[in-house]
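This briefing is for a reader with the sequence and coordinates at hand. Please read it alongside the display below.

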Amino acid sequence: MRKFTFRGGIHPDDGKKLTMDKEIRAYVTQGEAVYPLNQHIGAPAKAVVKKGDRVIAGQMIAEAGGFVSANIHSAVSGTVKSIEKREVAGGGMADCIVIDNDGLFEEVDFEKKIRPLEKLYREDVISIIRECGIVGMGGAGFPTDVKLSPKNEADIDCIIVNAAECEPYLTSDYRRIMEEPDKLVTGLKIILGLFQGAQGIIAVEDNKPLAIRLLREKVADEPRIRVNKIKTKYPQGAERQLIYANTGRYVNSSMLPADAGCIVHNVDTVISVYEAVIMGRPVISRVVTVTGDCVAEPQNFIVPLGTSYRELIEAAGGFKVDPAKVISGGPMMGKALYSLDVPVTKGTSAILALSKDAVADSVPGPCIKCGKCVSVCPGMIQPYLLADLSEAGDTEAFLANQGMECCECGCCSYVCPAKRHLTQTIAGTRKNILANRKRG
């Protein structure tokens, strides 16, 4: 029997018990709402409102700034307070639309926008997805309408829903599966309608047996959809690894998933497709897991975009002890926070507060050439060597040794007995190479 997995990977403590059984709670934004114009890959959106304008929930406040870009909609009603630079998760500054929330939550009449699915052509569905500002909500933020418009749609034969949720502590996707499975399945059917020759796969790690059973019941009469039980292992949900585990096809750094006949979507993204096409709703909220051993009452919240991280932490009971580190996202690929006064965006999956900072507490030592980093690397490269080349500034040798195949998953740093910051070092060189290519 085939094992749906990949070479390498690790098995960190998943931490999911804190919130796995916590049903999604609706959170109502109390303070101002802040909307970064760059909360997606590609060109920043362009504001279509100005200071003093009144807006309502669901109204577009920024339009896509190019082909690879995405519209942004307000999740609250109120008055545009300013358009200014604000800090965002990860520590950078971004142009943001700041809305003074009036607490009324008046909203657009979404029902007026609904058109019967059976009367929609392919171009209509993609246009709705574009208008509603849907992007990859697993963190990548790639505009979904662009992903669904490959050069040759006939080459796409596999639509994969990434329901692995392999990152430790995160349970937002799991709760959406358990509470809204029909939305997920219907959203996938809508996407499959765009690719007549494609089959749908919902890939779920085997540490989620209830979700697997529920989804298999829901797709029992769907000949084009199957649920694959994939091996629990990090980073099983990484795009390249997920494609290989489910299809046996390789994707490298110079390829797109479409080059292997695949398109991959996160659970929240597929549900957003359902809500856009069937309900007429743009992306104005998402599910966020607030968790960690410092959080008094870990929860899964459905949150209006633009809500402050600080507000959400307070809604989860605040900190029972002062955290050593707060992360936006999971512990493996999330971004450490310098401030809690940053907004929830389309890519915010979790807020994680930990009492120990394993990275800061470790002192890197010399490499002992043990090979552990090589054995766990899903990209089948040599992290210890690439880190050495990065530190030496030898870009040519870095490229010759397949440095661009690193997916920055963090497995090598996790297992390194010398506590070397392998992933961070390699990632810095990759970032510089990509920046130079863009400039050149």
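The structure is a predicted model, in which local features need pLDDT of at least 70, side-chain atom pairs count only at pLDDT 80 or more, and totals for chains, interfaces and linings use all residues. Residues are numbered from 1 along each chain as its sequence is written, and side-chain values use heavy atoms, with hydrogens and water left out.

**Strand S2**
- Strand S2 (residues 33-36; strands are DSSP runs of E, at least two residues) is covered on both faces, with Ala33 and Tyr35 buried on one side and Val34 and Pro36 on the other; buried means under 20% relative accessible area with a 1.4 Å probe, protein chains only.
- S2 runs antiparallel to strand S8 (residues 93-101), to which 4 bridges join it, and Val34 has Val98 of S8 as its bridge partner.

- In helix H4 (residues 181-192; helices are DSSP runs of H or I, at least four residues), 9 of the 12 residues are buried, so H4 is largely enclosed by the rest of the structure.
- Arg176, in helix H3 (residues 172-179), is buried, with a relative accessible area of 2%.
- The side chains of Arg176 and Asp268 are joined by a polar contact of 2.5 Å, a polar contact being a pair of N or O atoms within 3.5 Å, where within protein one must be able to donate a hydrogen and the other to accept it, and residues adjacent in sequence count only if both atoms are side-chain atoms.

Conventions. Expected span 1.5 Å × (residues − 1). Buried < 20%, exposed > 50% of the residue type's maximum accessible area, 1.4 Å probe, protein only. Pairing = 2+ DSSP bridges.
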